[in-house]
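Hi,

Here is the structure I said I would pass on. Have a look, and my notes follow below it.

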Amino acid sequence: MGDGSEMGRSLALYLILDKEESPQPNRKVYAKFKLRVLDHRRINHSEKQLSHWFTTKNSKDSEWGSNEFVPLMDLYDPGCGYLNNDGTLIVHVEFAVVSEVN
């Protein structure tokens, strides 16, 4: 959980370009999207709106997200409502824009 300085302190979420569906070389895919962790009580969803040009040239450009999405203290706190009674965490991604260019 977490990445870099947030390792062990935050939930990290990333959108990753599927290698099987990756664009041809010298092409880019633009995505504007929302990552969302749902509160099962529907009071306190955690959401980040992001955008990124994804490419296949290197792994740095094939993924985008957040190292600090939800602090683990909040994630495991029953009062925050992120985990269902059975321990299930619900994550949504909503795409607003997706386009591919040469």
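F33 comes out as buried, at 0% relative accessibility (buried is under 20% relative accessible area, exposed over 50%, partly exposed in between, with a 1.4 Å probe and protein chains only). Keep in mind that this is a predicted model, where local features need pLDDT of at least 70, side-chain atom pairs count only at pLDDT 80 or more, and totals for chains, interfaces and linings use all residues. Residues are numbered from 1 along each chain as its sequence is written, and side-chain values use heavy atoms, with hydrogens and water left out.

On to the rings: the whole structure has three aromatic pairs (Phe, Tyr or six-membered Trp rings with centres within 6.5 Å; planes under 30 degrees apart are stacked, over 60 edge-to-face, the rest tilted). Y30 and W53 make a tilted pair, with centres 5.1 Å apart and planes at 50°. W53 is partly exposed at 38%.

F33 and F95 are tilted too, with centres 6.5 Å apart and planes at 50°. F33 sits in β2 and F95 in β5 (residues 91-101), so parts 62 residues apart in sequence are tied together. F95 is partly exposed, at 46%, and F33, F54 and F95 form one aromatic cluster.

Elsewhere, R36 in β2 (residues 28-37) is buried at 14%, whereas R42 is exposed at 71%. R42 lies in the loop between β2 and β3 (46-54) and has a positive phi, near 65°.

Cheers

How values were computed:
Helix = DSSP H or I, 4+ residues; strand = E, 2+ residues; numbered from the N terminus.
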